[in-house]
Amino acid sequence: DDVIELNIGGEKITTLRSTLTVIPTSKLAQMFTDPELESKLPRDKNGAFFFDYNPTYFNFLIDQLRAIKRQPKRPGYQWEFQAPYI
């Protein structure tokens, strides 16, 4: 379980590969489990994976993935997500 350095819209975020891959069917998990896909991801000048996203929203996503990872009774693929009601 290696440490992954991310550059999200100019903000450095560090997390574990297991956090990014906790939901195996997600696009993010696919990017970091398939070596061919990972090799095609853009990197910044320091070698961090670069994503042109809003870091505030991405931090929220990472927090949600970390929360899921702490729930050992429910594998990531069993989680169901619904849009919040407004």
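## Exercises on a predicted fold

Residues 24 or more positions apart account for 48% of the chain's contacts with a separation of 6 or more. Keep in mind that this is a predicted model.

**Exercise 1.** Work out which pattern of helices and strands the chain follows along its sequence.

*Solution.* Start with the inventory: there are four helices and three strands. Now walk along the sequence and you get β-β-α-α-α-β-α.

**Exercise 2.** Decide whether R17 counts as buried or exposed, then find its side-chain polar partner.

*Solution.* Next, check the cut-off: buried means under 20% relative accessible area. R17 comes in at 19% relative accessibility, so it counts as buried. Then look at the side chain, which makes a polar contact with the side chain of E38 at 2.8 Å. Leaving out residues up to four places away in sequence, R17 touches D1, D2, I4, F32 and E38.

**Exercise 3.** Find which elements give two or more residues to the largest nonpolar core, and where its largest share comes from.

*Solution.* Begin with the core itself: it has 17 residues, and those with the most contacts inside it are L6, L20, F32, F49, F51 and F58. Elements giving two or more residues to this core are β1 (3-8), α2 (27-31), β3 (49-51) and α4 (55-69). The largest share, four residues, comes from α4.

Now zoom in on L6.

Methods:
Residues numbered from 1 in each chain as written. Predicted model: local features only at pLDDT ≥ 70, side-chain atom pairs only at ≥ 80, totals over all residues. Heavy atoms only, no water. Buried < 20%, exposed > 50% of the residue type's maximum accessible area, 1.4 Å probe, protein only. Polar contact = N/O pair within 3.5 Å; in protein donor to acceptor, adjacent residues only side chain to side chain. Contact = heavy atoms within 4.5 Å. Core = buried A, V, L, I, M, F, W, Y, C linked by side-chain atoms within 4.5 Å.
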